[in-house]
Amino acid sequence: ERLDETERALIARREKVLGPAYRLFYEKPLHLVRGEGVFLYDAAGDKYLDAYNNVASLGHCHPRVVEAITKQTAVLNTHTRYLHEGIVDYAEALTATFPEALSQAMFTCTGSEANDLAVRIARHVTGGTGIIATDLAYHGLTSAVAEFSPSLGESVTLGAHVRTIPAPDSYRQSPAEVMEKFGRDVSAAIADLRRHGIKPAMLITDTIFSSDGIFAGPKGFLKPAVDAIHAAGGLFVADEVQPGFGRTGEAMWGFERHGVAPDMVTIGKPMGNGYPMAGIVLRPEVIAEFGPRARYFNTFGGNPVAAAAGKAVLETIRIEGLQQNALEVGRYLMDGLRSLSHPEIGDVRGSGLFIGVEIVADPTAKTPDAALTTRIVNGLRERRVLISASGPNANILKIRPPLVFSRENADMLLDVMGDVLKTV
Ligand code: PMP
(Lines give C-alpha, C1' and ligand atoms only; values in the text may rest on other atoms or scores of the structure.)
Protein backbone atom coordinates (compact mmCIF):
# COMPACT_ATOMS: atom_id res chain seq x y z
CA GLU A 1 0.00 0.00 0.00
CA ARG A 2 1.30 3.42 -0.90
CA LEU A 3 0.34 6.78 0.50
CA ASP A 4 -2.28 8.59 -1.51
CA GLU A 5 -2.13 12.21 -2.62
CA THR A 6 -4.05 13.61 0.36
CA GLU A 7 -1.71 12.07 2.92
CA ARG A 8 1.42 13.10 1.01
CA ALA A 9 0.19 16.70 0.89
CA LEU A 10 -0.70 16.69 4.59
CA ILE A 11 2.76 15.35 5.51
CA ALA A 12 4.42 18.12 3.49
CA ARG A 13 2.29 20.85 5.11
CA ARG A 14 2.91 19.35 8.52
CA GLU A 15 6.68 19.27 8.08
CA LYS A 16 6.70 22.83 6.81
CA VAL A 17 4.68 24.31 9.66
CA LEU A 18 5.42 22.01 12.65
CA GLY A 19 9.12 21.70 11.98
CA PRO A 20 11.54 18.84 12.52
CA ALA A 21 10.82 17.81 16.14
CA TYR A 22 7.64 15.89 15.38
CA ARG A 23 7.44 12.23 14.47
CA LEU A 24 4.80 10.02 12.93
CA PHE A 25 4.10 6.41 13.78
CA TYR A 26 4.55 3.66 11.16
CA GLU A 27 6.23 3.40 7.77
CA LYS A 28 2.88 4.28 6.29
CA PRO A 29 1.54 7.01 8.61
CA LEU A 30 -2.06 6.86 9.70
CA HIS A 31 -4.53 9.62 8.96
CA LEU A 32 -7.21 9.22 11.59
CA VAL A 33 -10.47 11.09 11.69
CA ARG A 34 -12.63 9.35 14.30
CA GLY A 35 -12.50 7.05 17.30
CA GLU A 36 -15.08 4.98 19.14
CA GLY A 37 -14.41 2.42 21.87
CA VAL A 38 -11.40 0.30 20.90
CA PHE A 39 -11.62 1.31 17.23
CA LEU A 40 -10.07 4.13 15.23
CA TYR A 41 -11.17 5.13 11.72
CA ASP A 42 -9.02 6.65 8.99
CA ALA A 43 -9.88 9.17 6.32
CA ALA A 44 -10.72 6.39 3.86
CA GLY A 45 -13.21 4.91 6.35
CA ASP A 46 -11.06 1.89 7.29
CA LYS A 47 -11.34 0.61 10.85
CA TYR A 48 -8.34 -0.15 13.10
CA LEU A 49 -8.18 -2.11 16.34
CA ASP A 50 -6.43 0.14 18.84
CA ALA A 51 -4.19 -1.95 21.11
CA TYR A 52 -1.89 0.91 22.02
CA ASN A 53 -3.59 4.05 23.32
CA ASN A 54 -3.55 4.31 27.09
CA VAL A 55 -4.96 7.83 27.27
CA ALA A 56 -8.37 6.86 25.93
CA SER A 57 -8.38 4.23 28.63
CA LEU A 58 -12.18 3.95 28.76
CA GLY A 59 -12.29 3.72 24.98
CA HIS A 60 -12.18 6.57 22.48
CA CYS A 61 -14.78 9.31 22.97
CA HIS A 62 -16.46 7.58 25.90
CA PRO A 63 -20.01 9.04 26.05
CA ARG A 64 -19.94 9.57 29.83
CA VAL A 65 -16.79 11.70 29.62
CA VAL A 66 -17.95 13.54 26.51
CA GLU A 67 -21.18 14.40 28.30
CA ALA A 68 -19.45 15.51 31.51
CA ILE A 69 -17.07 17.79 29.61
CA THR A 70 -19.77 19.20 27.36
CA LYS A 71 -22.16 19.96 30.22
CA GLN A 72 -19.55 21.65 32.39
CA THR A 73 -18.07 23.66 29.48
CA ALA A 74 -21.52 25.14 28.90
CA VAL A 75 -21.94 26.17 32.55
CA LEU A 76 -18.65 27.43 33.99
CA ASN A 77 -14.93 27.08 33.41
CA THR A 78 -12.78 29.19 35.69
CA HIS A 79 -9.82 28.12 37.85
CA THR A 80 -8.93 27.00 41.36
CA ARG A 81 -9.01 30.44 43.00
CA TYR A 82 -12.77 30.37 43.38
CA LEU A 83 -14.77 28.03 45.54
CA HIS A 84 -16.25 25.21 43.49
CA GLU A 85 -17.65 21.83 44.52
CA GLY A 86 -16.31 20.12 41.41
CA ILE A 87 -12.63 20.14 42.32
CA VAL A 88 -13.28 19.20 45.95
CA ASP A 89 -15.63 16.35 45.00
CA TYR A 90 -13.12 15.08 42.48
CA ALA A 91 -10.09 15.36 44.79
CA GLU A 92 -12.02 13.43 47.46
CA ALA A 93 -13.00 10.72 44.99
CA LEU A 94 -9.46 10.49 43.63
CA THR A 95 -7.63 10.34 46.96
CA ALA A 96 -10.15 7.70 48.14
CA THR A 97 -8.62 5.33 45.58
CA PHE A 98 -5.20 5.61 47.32
CA PRO A 99 -3.90 4.19 50.59
CA GLU A 100 -4.93 6.42 53.49
CA ALA A 101 -1.57 8.15 53.92
CA LEU A 102 -1.80 9.64 50.42
CA SER A 103 -4.62 12.01 51.17
CA GLN A 104 -3.97 15.26 49.31
CA ALA A 105 -4.04 16.07 45.60
CA MET A 106 -2.62 18.89 43.48
CA PHE A 107 -3.58 19.35 39.85
CA THR A 108 -1.55 20.11 36.74
CA CYS A 109 -2.24 19.71 33.02
CA THR A 110 0.54 17.30 32.07
CA GLY A 111 2.52 14.49 33.62
CA SER A 112 5.70 16.49 32.97
CA GLU A 113 4.46 19.32 35.15
CA ALA A 114 3.46 16.86 37.86
CA ASN A 115 6.98 15.39 37.93
CA ASP A 116 8.48 18.86 37.79
CA LEU A 117 6.47 19.87 40.83
CA ALA A 118 7.48 16.62 42.57
CA VAL A 119 11.15 17.57 42.16
CA ARG A 120 10.60 20.99 43.71
CA ILE A 121 8.71 19.51 46.64
CA ALA A 122 11.23 16.70 47.21
CA ARG A 123 14.15 19.13 47.17
CA HIS A 124 12.43 21.46 49.58
CA VAL A 125 11.47 18.71 52.05
CA THR A 126 14.77 16.83 52.01
CA GLY A 127 17.20 19.70 51.52
CA GLY A 128 18.88 17.41 48.98
CA THR A 129 19.18 17.68 45.21
CA GLY A 130 20.11 14.14 44.07
CA ILE A 131 17.71 12.22 41.85
CA ILE A 132 17.81 8.52 41.00
CA ALA A 133 15.95 7.20 37.94
CA THR A 134 16.26 4.22 35.60
CA ASP A 135 18.54 3.98 32.56
CA LEU A 136 15.78 4.47 30.01
CA ALA A 137 13.22 6.36 32.03
CA TYR A 138 10.87 8.94 30.59
CA HIS A 139 9.34 11.33 33.09
CA GLY A 140 8.65 14.35 30.92
CA LEU A 141 9.73 17.31 28.87
CA THR A 142 10.47 20.26 31.18
CA SER A 143 14.13 21.24 31.60
CA ALA A 144 14.25 19.84 35.14
CA VAL A 145 12.50 16.58 34.27
CA ALA A 146 14.34 16.00 30.97
CA GLU A 147 17.52 15.92 33.08
CA PHE A 148 16.36 12.58 34.50
CA SER A 149 14.63 11.25 31.37
CA PRO A 150 17.48 9.41 29.61
CA SER A 151 15.10 7.90 27.04
CA LEU A 152 15.20 11.32 25.34
CA GLY A 153 18.64 10.28 24.08
CA GLU A 154 21.37 12.64 23.01
CA SER A 155 19.09 15.66 23.01
CA VAL A 156 19.43 15.94 26.80
CA THR A 157 22.34 16.02 29.20
CA LEU A 158 21.60 14.23 32.42
CA GLY A 159 21.91 16.51 35.43
CA ALA A 160 25.12 16.40 37.52
CA HIS A 161 22.82 15.53 40.44
CA VAL A 162 21.25 12.58 38.55
CA ARG A 163 22.22 8.92 38.82
CA THR A 164 20.66 6.23 36.65
CA ILE A 165 20.30 2.55 37.42
CA PRO A 166 19.39 -0.41 35.17
CA ALA A 167 15.74 -1.39 35.05
CA PRO A 168 15.05 -4.82 36.51
CA ASP A 169 15.36 -7.14 33.48
CA SER A 170 13.14 -10.06 34.48
CA TYR A 171 13.87 -11.83 31.16
CA ARG A 172 17.62 -11.98 31.69
CA GLN A 173 17.74 -12.17 35.48
CA SER A 174 16.20 -14.73 37.81
CA PRO A 175 13.34 -13.57 40.08
CA ALA A 176 15.69 -13.78 43.08
CA GLU A 177 18.27 -11.61 41.29
CA VAL A 178 15.65 -9.01 40.35
CA MET A 179 14.38 -8.91 43.94
CA GLU A 180 17.86 -8.23 45.24
CA LYS A 181 19.61 -6.28 42.48
CA PHE A 182 17.29 -3.32 42.06
CA GLY A 183 17.58 -2.29 45.72
CA ARG A 184 21.33 -2.84 45.61
CA ASP A 185 21.63 -0.57 42.56
CA VAL A 186 19.68 2.18 44.33
CA SER A 187 21.98 1.88 47.36
CA ALA A 188 25.03 2.14 45.11
CA ALA A 189 23.59 5.24 43.42
CA ILE A 190 22.96 6.84 46.82
CA ALA A 191 26.56 6.09 47.83
CA ASP A 192 27.86 7.61 44.59
CA LEU A 193 25.80 10.77 45.05
CA ARG A 194 27.21 11.13 48.56
CA ARG A 195 30.77 10.60 47.35
CA HIS A 196 30.19 13.63 45.15
CA GLY A 197 28.79 15.65 48.04
CA ILE A 198 25.20 15.38 46.78
CA LYS A 199 22.39 14.68 49.22
CA PRO A 200 19.67 12.43 47.72
CA ALA A 201 16.25 14.04 47.28
CA MET A 202 14.29 11.32 45.52
CA LEU A 203 14.06 8.02 43.73
CA ILE A 204 11.53 8.11 40.90
CA THR A 205 10.32 5.13 38.89
CA ASP A 206 7.53 4.35 36.52
CA THR A 207 6.12 1.40 38.46
CA ILE A 208 5.69 -0.70 35.27
CA PHE A 209 8.96 0.54 33.64
CA SER A 210 7.26 1.20 30.32
CA SER A 211 10.04 2.97 28.41
CA ASP A 212 12.66 0.68 30.00
CA GLY A 213 10.94 -2.33 28.41
CA ILE A 214 7.91 -3.15 30.63
CA PHE A 215 8.96 -5.00 33.78
CA ALA A 216 6.08 -5.99 36.01
CA GLY A 217 7.58 -8.58 38.27
CA PRO A 218 8.34 -10.25 40.49
CA LYS A 219 5.98 -8.23 42.62
CA GLY A 220 7.79 -6.62 45.54
CA PHE A 221 11.11 -5.86 43.84
CA LEU A 222 10.57 -2.15 44.47
CA LYS A 223 10.50 -2.65 48.23
CA PRO A 224 14.26 -2.80 48.96
CA ALA A 225 14.80 0.20 46.66
CA VAL A 226 12.17 2.29 48.42
CA ASP A 227 13.57 1.26 51.82
CA ALA A 228 17.04 2.36 50.68
CA ILE A 229 15.96 5.83 49.54
CA HIS A 230 13.94 6.36 52.72
CA ALA A 231 16.88 5.29 54.89
CA ALA A 232 18.99 7.87 53.03
CA GLY A 233 16.50 10.64 53.84
CA GLY A 234 15.11 10.84 50.30
CA LEU A 235 11.57 10.44 49.02
CA PHE A 236 10.06 7.84 46.70
CA VAL A 237 8.01 9.21 43.82
CA ALA A 238 5.87 6.64 42.02
CA ASP A 239 5.28 7.75 38.43
CA GLU A 240 1.84 6.27 37.70
CA VAL A 241 1.30 8.25 34.50
CA GLN A 242 1.26 4.99 32.50
CA PRO A 243 0.36 2.13 34.90
CA GLY A 244 -2.21 4.06 36.97
CA PHE A 245 -6.01 4.06 36.91
CA GLY A 246 -6.45 0.28 36.96
CA ARG A 247 -4.42 -0.65 33.90
CA THR A 248 -2.34 -3.31 35.66
CA GLY A 249 -5.54 -5.13 36.63
CA GLU A 250 -4.15 -6.28 39.96
CA ALA A 251 -4.41 -2.86 41.56
CA MET A 252 -5.66 0.64 40.86
CA TRP A 253 -2.06 1.92 41.18
CA GLY A 254 1.06 0.11 40.03
CA PHE A 255 3.03 0.75 43.24
CA GLU A 256 0.42 -1.20 45.22
CA ARG A 257 1.51 -4.37 43.41
CA HIS A 258 4.91 -3.92 45.06
CA GLY A 259 3.61 -3.24 48.57
CA VAL A 260 5.46 0.06 48.85
CA ALA A 261 4.43 3.42 50.30
CA PRO A 262 5.33 6.34 48.00
CA ASP A 263 5.63 9.86 49.38
CA MET A 264 4.25 11.27 46.16
CA VAL A 265 2.45 9.72 43.21
CA THR A 266 2.34 11.46 39.85
CA ILE A 267 -0.59 10.74 37.56
CA GLY A 268 -1.80 11.83 34.13
CA LYS A 269 -2.58 10.36 30.72
CA PRO A 270 -5.86 8.40 31.26
CA MET A 271 -6.94 10.73 34.07
CA GLY A 272 -9.36 12.65 31.80
CA ASN A 273 -9.65 10.01 29.04
CA GLY A 274 -8.14 12.58 26.65
CA TYR A 275 -9.00 15.79 28.43
CA PRO A 276 -5.54 17.14 29.37
CA MET A 277 -5.16 16.70 33.10
CA ALA A 278 -2.55 15.36 35.50
CA GLY A 279 -1.47 15.82 39.07
CA ILE A 280 0.22 14.66 42.25
CA VAL A 281 -1.27 12.72 45.13
CA LEU A 282 0.88 13.01 48.21
CA ARG A 283 1.33 12.61 51.92
CA PRO A 284 0.29 15.90 53.59
CA GLU A 285 3.57 15.90 55.54
CA VAL A 286 5.67 16.51 52.42
CA ILE A 287 3.72 19.60 51.37
CA ALA A 288 3.02 21.07 54.83
CA GLU A 289 5.97 23.45 54.80
CA PHE A 290 6.49 24.00 51.08
CA GLY A 291 2.79 24.45 50.32
CA PRO A 292 2.07 27.75 52.08
CA ARG A 293 5.20 29.30 50.53
CA ALA A 294 4.71 27.91 47.06
CA ARG A 295 1.98 30.28 45.83
CA TYR A 296 0.89 27.30 43.74
CA PHE A 297 -1.30 28.20 40.84
CA ASN A 298 -1.86 26.36 37.61
CA THR A 299 -4.14 28.28 35.24
CA PHE A 300 -5.85 25.24 33.74
CA GLY A 301 -4.97 22.52 36.25
CA GLY A 302 -7.98 21.26 38.20
CA ASN A 303 -10.45 23.62 36.55
CA PRO A 304 -14.18 22.75 36.71
CA VAL A 305 -14.15 21.03 33.30
CA ALA A 306 -11.09 18.95 34.23
CA ALA A 307 -12.72 17.99 37.51
CA ALA A 308 -15.88 16.91 35.66
CA ALA A 309 -13.87 14.83 33.19
CA GLY A 310 -11.81 13.24 35.97
CA LYS A 311 -14.86 12.36 37.99
CA ALA A 312 -16.55 10.75 34.99
CA VAL A 313 -13.41 8.67 34.41
CA LEU A 314 -13.30 7.38 37.99
CA GLU A 315 -17.02 6.57 37.90
CA THR A 316 -16.71 4.74 34.60
CA ILE A 317 -13.78 2.62 35.81
CA ARG A 318 -15.95 1.54 38.74
CA ILE A 319 -19.30 1.13 36.93
CA GLU A 320 -17.82 -0.80 33.99
CA GLY A 321 -15.49 -2.87 36.18
CA LEU A 322 -12.53 -1.87 34.03
CA GLN A 323 -9.77 -2.84 36.46
CA GLN A 324 -11.22 -6.36 36.64
CA ASN A 325 -11.59 -6.43 32.86
CA ALA A 326 -7.94 -5.41 32.49
CA LEU A 327 -6.96 -8.27 34.77
CA GLU A 328 -9.05 -10.92 33.01
CA VAL A 329 -8.53 -9.89 29.39
CA GLY A 330 -4.86 -9.15 30.14
CA ARG A 331 -4.34 -12.71 31.38
CA TYR A 332 -6.24 -14.12 28.41
CA LEU A 333 -4.18 -12.07 25.99
CA MET A 334 -0.85 -12.96 27.62
CA ASP A 335 -1.78 -16.67 27.57
CA GLY A 336 -2.74 -16.33 23.91
CA LEU A 337 0.52 -14.59 23.01
CA ARG A 338 2.52 -17.31 24.77
CA SER A 339 0.61 -20.03 22.95
CA LEU A 340 1.52 -18.52 19.57
CA SER A 341 4.84 -20.25 20.43
CA HIS A 342 7.01 -18.66 17.78
CA PRO A 343 10.75 -18.93 18.43
CA GLU A 344 11.03 -15.17 17.89
CA ILE A 345 8.80 -14.54 20.92
CA GLY A 346 11.40 -14.63 23.67
CA ASP A 347 9.25 -13.39 26.52
CA VAL A 348 5.68 -12.32 27.22
CA ARG A 349 5.33 -10.25 30.37
CA GLY A 350 3.23 -7.58 32.00
CA SER A 351 0.27 -7.05 34.25
CA GLY A 352 -3.33 -6.50 33.21
CA LEU A 353 -3.55 -4.68 29.92
CA PHE A 354 0.09 -3.56 30.00
CA ILE A 355 1.94 -6.21 28.03
CA GLY A 356 5.46 -6.46 26.64
CA VAL A 357 6.50 -9.09 24.09
CA GLU A 358 10.24 -9.36 23.64
CA ILE A 359 11.29 -10.24 20.07
CA VAL A 360 14.62 -12.05 19.74
CA ALA A 361 16.71 -13.44 16.89
CA ASP A 362 17.84 -16.37 19.01
CA PRO A 363 15.79 -17.47 22.02
CA THR A 364 18.75 -19.17 23.70
CA ALA A 365 21.09 -16.18 23.46
CA LYS A 366 18.11 -13.79 23.91
CA THR A 367 19.50 -11.50 21.18
CA PRO A 368 17.20 -8.52 20.59
CA ASP A 369 15.85 -8.24 17.05
CA ALA A 370 14.83 -4.63 16.45
CA ALA A 371 14.47 -5.04 12.67
CA LEU A 372 12.02 -7.90 13.04
CA THR A 373 10.13 -5.96 15.73
CA THR A 374 9.70 -3.03 13.34
CA ARG A 375 8.42 -5.40 10.64
CA ILE A 376 5.90 -6.89 13.08
CA VAL A 377 4.62 -3.47 14.21
CA ASN A 378 4.24 -2.33 10.59
CA GLY A 379 2.82 -5.69 9.52
CA LEU A 380 0.12 -5.37 12.16
CA ARG A 381 -0.59 -1.82 11.05
CA GLU A 382 -1.06 -3.02 7.45
CA ARG A 383 -3.63 -5.47 8.82
CA ARG A 384 -5.25 -2.69 10.86
CA VAL A 385 -4.08 -3.56 14.36
CA LEU A 386 -2.21 -0.81 16.19
CA ILE A 387 0.63 -1.37 18.67
CA SER A 388 4.16 -0.01 19.11
CA ALA A 389 7.57 -1.04 20.47
CA SER A 390 9.87 0.04 23.31
CA GLY A 391 12.94 -0.86 25.34
CA PRO A 392 16.68 -0.17 25.05
CA ASN A 393 16.91 -2.20 21.83
CA ALA A 394 13.47 -1.27 20.46
CA ASN A 395 12.60 -4.98 20.36
CA ILE A 396 9.74 -5.14 22.84
CA LEU A 397 6.23 -5.01 21.43
CA LYS A 398 4.20 -2.70 23.60
CA ILE A 399 0.56 -3.79 23.84
CA ARG A 400 -1.48 -1.37 25.89
CA PRO A 401 -5.07 -1.16 24.65
CA PRO A 402 -7.98 0.77 26.12
CA LEU A 403 -9.22 -1.01 29.27
CA VAL A 404 -12.53 -1.86 27.58
CA PHE A 405 -10.65 -4.35 25.35
CA SER A 406 -12.72 -7.56 25.18
CA ARG A 407 -11.77 -11.22 24.68
CA GLU A 408 -13.12 -10.90 21.17
CA ASN A 409 -10.77 -7.95 20.57
CA ALA A 410 -7.93 -10.03 22.04
CA ASP A 411 -8.76 -12.91 19.67
CA MET A 412 -8.64 -10.52 16.75
CA LEU A 413 -5.21 -9.25 17.82
CA LEU A 414 -3.95 -12.82 18.32
CA ASP A 415 -5.21 -13.96 14.89
CA VAL A 416 -3.54 -11.07 13.12
CA MET A 417 -0.36 -11.45 15.19
CA GLY A 418 -0.20 -15.14 14.24
CA ASP A 419 -0.53 -14.26 10.53
CA VAL A 420 2.05 -11.50 10.70
CA LEU A 421 4.58 -13.73 12.49
CA LYS A 422 4.23 -16.27 9.67
CA THR A 423 4.93 -13.69 6.97
CA VAL A 424 7.58 -11.32 8.35
N1 PMP B 1 5.83 9.94 33.00
C2 PMP B 1 5.64 8.86 32.21
C3 PMP B 1 5.93 7.51 32.76
C4 PMP B 1 5.19 9.04 30.91
O5 PMP B 1 5.01 7.98 30.12
C6 PMP B 1 4.93 10.36 30.43
C7 PMP B 1 4.43 10.59 29.01
N8 PMP B 1 4.82 9.67 28.05
C9 PMP B 1 5.15 11.42 31.29
C10 PMP B 1 5.57 11.18 32.57
C11 PMP B 1 4.92 12.84 30.84
O12 PMP B 1 3.58 13.11 30.67
P13 PMP B 1 3.09 14.27 29.68
O14 PMP B 1 3.37 13.86 28.29
O15 PMP B 1 1.62 14.40 30.00
O16 PMP B 1 3.82 15.52 30.08
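1. Let's start with helix H4, residues 111–126: its 16 residues reach 22 Å from first C-alpha to last, close to the 22 Å expected at 1.5 Å a residue. The expected span is 1.5 Å times one less than the number of residues. Helices here are DSSP runs of H or I with at least four residues, numbered from the N terminus.

2. Please keep in mind that this is a predicted model, where local features need pLDDT of at least 70, side-chain atom pairs count only at pLDDT 80 or more, and totals for chains, interfaces and linings use all residues. Residue numbers run from 1 along each chain as its sequence is written.

3. Is H4 mostly covered or uncovered? Mostly covered: 14 of its 16 residues are buried, meaning that 20 or more other C-beta atoms, placed from the backbone, lie within 10 Å of the residue's own. After H4 comes Gly127, with a positive phi near 70°.

4. Now look at helix H11 (residues 322–339) and helix H13 (residues 407–423), whose axes come within 10 Å and cross at roughly 20°. Axes are lines fitted to C-alpha atoms over the stretch in contact, with angles from 0 to 180 degrees between N-to-C directions. The angle makes H11 roughly parallel to H13, a label for angles under 35 degrees.

5. Which residues of H11 and H13 make the contact? On H11 they are Val329, Tyr332, Leu333, Gly336 and Leu337, and on H13 Arg407, Ala410 and Leu414. Being in contact requires C-beta atoms, placed from the backbone, within 7 Å.

Notes. Helices (H or I, at least four residues) and strands (E, at least two) are DSSP runs, numbered from the N terminus. A residue is buried if 20 or more other C-beta atoms lie within 10 Å of its own, exposed if 12 or fewer, and partly exposed in between; C-beta atoms are placed from the backbone. Angles under 35 degrees count as roughly parallel, over 145 as roughly antiparallel, 65 to 115 as roughly perpendicular and the rest as oblique. Two residues are in contact if their C-beta atoms, placed from the backbone, lie within 7 Å.
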